[in-house]
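Hi,

Here is the structure I promised to pass on.

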Amino acid sequence: MATVSNRLKFTGDFNAQPENPHKHSPTHPEPYIISPELKKAVNLAIYLRRPLLLEGDAGCGKTRLASAVAYELGLPLYRWDVRSTTRALDGLYEYDAILRLHDVQTQKVAPLPIDESQTDEDEDEERLNHNPANPKHYRKFGALGKAFKLKDCPAVVLIDEIDKADLDFPNDLLTVLDEPWEFKIKETGETIRANHKPIVIITSNKEKGNLPAPFLRRCLYYYVDFPNEKKRLQEIVEKHYQVREETPPPSALVENAVERFLAVWNEGGLFKKPGTSEFLDWLKALHTFEPKPYNAAQLKKDKLLPYRELLFKLQQDWKKYAKTS
Amino acid sequence: MSSFNPQDLITRAFIRLRQSGFQLGVGELLAARQAVEGGFGETPEELAETLKILWCHSPSEQTQFDPIWESLPVNLNPKLPEKNPGQESKPEKHQQQEEKPQEKPSPPPSQETGTEIKSELELASLPIRAPFTPAETEDISTLQAYYPISRRSMIYSWRYLRRPVGDGPLNVLDVDATIEQTTRQGFYLAPVYRRQERNNAHLLLLLDQNGSMNPFHRFTRDLVETALYESSLQPEKVDVFYFHNVPAASVYKDLYLTEPIALQRVLAACDNQTSILIVSDAGAARGYRELKRIQATTSCLFKLNQYTSLIAWLNPMPEERWIGSSAEIIANLVPMYQMDNNGLSNAIDIVRGQPLQHLHSPLS
């Protein structure tokens with residue numbers, strides 16, 4: 001247990017950023033209020049270097065966690081947004097064979113000798129002069145590939161909305177996120193081995209049913225609940241405005257807004273519950289949309305919620321709260 | 001805290017969770033041990049939290065975890081230092097059977113498998129309880145859902161039903177062929193395209209509806225939906241027809257059995273490449289053995305056989321229930337599989353015939 005002191009630890013305090021963060025680390029602090037349980041899950045994932053799978057309703061702050069972690073630890077953050085056509089390979093590297101062919105045609109010069117000193121450093125830099133004789137000039141690393149290439153620190157990799165992808169995607173991903181933590185680039189014959197195992201945070205909305213069991217088994221699992229508590233929501237508001245360095249709304253307004261919002265949220269019967277980000281937008285509208293902030297006492301009395309369009313995104317929900325007036 | 005032995009507790013919890021249907025492997029056990037070494041399980045509470053994050057992969061698993069964890073001995077020791085020895089011995093015997101032999105003998109485990117321990121903690125003395133019946137905890141997951149085959153695995157299985165034919169529009173850029181051609185010619189003329197590939201497999205689904213099939217409508221519906229919309233089959237190449245008990249001279253286009261269509265007409269659209277999958281319990285659900293049903297099924301299968309030999313039968317009843325019913329006899333006439341992951345995968349292997357060569361030749 002001697003290693004406890006010098007290993008990476010996430011505390012949830014955005015002022016704790018180290019002196020010289022990595023250049024790919026997020027530059028803006030992330031206002032993230034983290035529960036002790038989630039903090040533990042994050043630290044466990046960092047310690048075991050297993051992917052952390054976050055599930056929960058939209059708008060609970062699953063995606064934001066990765067940048068909060070990366071910012072606080074001063075680690076680079078590579079974000080990989082998964083789409084329906086994404087393959088696991090896309091996160092590792094892309095190879096532009098057509099560009100190479102194009103370069104052969106257009107340059108019309110004798111192949112330059114391979115300059116090894118130029119090839120291995122600064123892989124991510126945009127290269128102006130590609131040398132067709134060097135296959136390495138035509139590979140471009142994806143989020144995971146970049147993380148594997150890092151020499152002096154691990155990276156935080158966010159794999160966002162994994163359930164959007166094809167059925168095989170999680171399984172393909174598994175072969176990379178496991179011992180021996182390496183992959184091959186077939187076009188150049190290179191083997192990329194991770195110097196530091198990346199900290200992988202995966203989010204899922206459970207759109208398309210369950211993820212495969214072998215994949216789940218490898219992951220740490222955490223269900224992100226909506227901060228359904230007056231105090232926590234107020235804390236989120238406070239921190240949010242503190243980080244943005246904006247003047248927060250008057251406390252009476254915040255309090256009443258939180259109360260109204262949670263009442264709506266807990267009443268049930270909503271088809272799509274609004275998330276934290278919707279609440280913050282709504283609060284901002286209450287605060288600054290009109291020249292004068294919305295009257296807090298008025299908000300408490302109002303039968304009809306002001307700026308409903310920020311909270312309800314489905315016709316049924318909209319109608320439900322139009323009728324209660 | 002001196003008596004707290006996390007490693008031993010992890011192994012116990014691991015075995016117990018696996019018995020309860022958690023999908024955990026040795027890797028997960030090792031990960032938990034590593035986590036404890038890293039200081040993530042100093043107290044029983046912390047350890048429980050750690051294991052929950054590590055081993056539970058859905059909110060429902062997390063709720064199942066708590067009673068199992070509470071039934072483990074360490075949680076009881078600090079609260080109930082003295083226990084009636086008579087109480088302990090009985091469940092312990094039961095536990096001994098379940099545990100793997102390589103597990104080292106540990107301090108007397110006061111094993112309880114029930115969840116009722118919790119309420120008893122408040123009582124001063126332990127009352128005599130009814131003997132432990134394993135059925136109580138055993139069936140939690142089964143009660144939640146009977147799901148022999150998940151939608152996800154249906155989609156997986158359908159993928160194997162394919163007959164790729166490159167007859168689509170000529171619009172797929174073949175990078176490899178382009179480069180190869182260019183290097184061969186020494187100069188670049190034009191990119192090489194190949195035709196888009198399409199799945200040409202034709203599937204005819206015949207589904208038994210109503211009656212004894214009622215409990216399985218959910219699965220047959222999933223089967224149809226996944227075949228139509230989530231497989232690689234082209235929707236117009238999937239024909240779904242319904243029947244009741246036996247596919248007779250006519251089958252039905254809708255699942256309410258109101259739009260009849262002559263089986264002859266259905267078969268007219270079939271050739272020897274058509275895959276036919278029949279889903280029916282074949283009398284196994286009620287255990288009937290009716291000569292009439294067997295005869296009717298036989299003649300129908302004979303008719304189908306004249307068109308294609310790619311026929312398989314999916315039976316939603318488990319295999320051991322076929323014995324003695326008409327299903328047993330029909331299973332001799334046609335490859336019949338029970339409707340689970342393996343069964344569906346086998347049935348699809350049958351109806352797709354032998355695997356076909358891949359058509360990847362670049363067109364020039």
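**Salt bridges**

Let's start with Lys272(A) and Glu278(A), whose side chains form a salt bridge at 3.8 Å, N to O. By salt bridge I mean a side-chain nitrogen of Lys or Arg within 4 Å of a carboxyl oxygen of Asp or Glu. Lys272(A) is partly exposed at 32% relative accessible area, while Glu278(A) is buried at 11%. (Buried is under 20% relative accessible area, exposed is over 50%, and partly exposed is in between, with a 1.4 Å probe and protein chains only.)

Over in chain B, salt bridges that share partners tie Arg151(B), Arg221(B), Asp222(B), Glu225(B) and Glu230(B) into one network. Over all chains, the structure holds 32 salt bridges.

Before you go on: this is a predicted model, so local features need pLDDT of at least 70 and side-chain atom pairs count only at pLDDT 80 or more, whereas totals for chains, interfaces and linings use all residues. Residues are numbered from 1 along each chain as its sequence is written, chains are lettered from A and ligands numbered from 1 in the order in which they are written, and side-chain values use heavy atoms, leaving out hydrogens and water.

Back in chain A, Arg79(A) and Asp81(A) pair up through their side chains at 2.9 Å, N to O. Arg79(A) is partly exposed at 47%, and so is Asp81(A), at 41%.

Then there's Arg193(A) with Glu182(A), a salt bridge at 3.0 Å, N to O. This one links distant parts of the chain: Arg193(A) sits in strand S7 (residues 190-193) and Glu182(A) in strand S6 (residues 182-185), eleven residues apart. Strands here are DSSP runs of E, at least two residues, numbered from the N terminus. Glu182(A) is partly exposed, at 22%.

Cheers

Note on methods: Helices (H or I, at least four residues) and strands (E, at least two) are DSSP runs, numbered from the N terminus.
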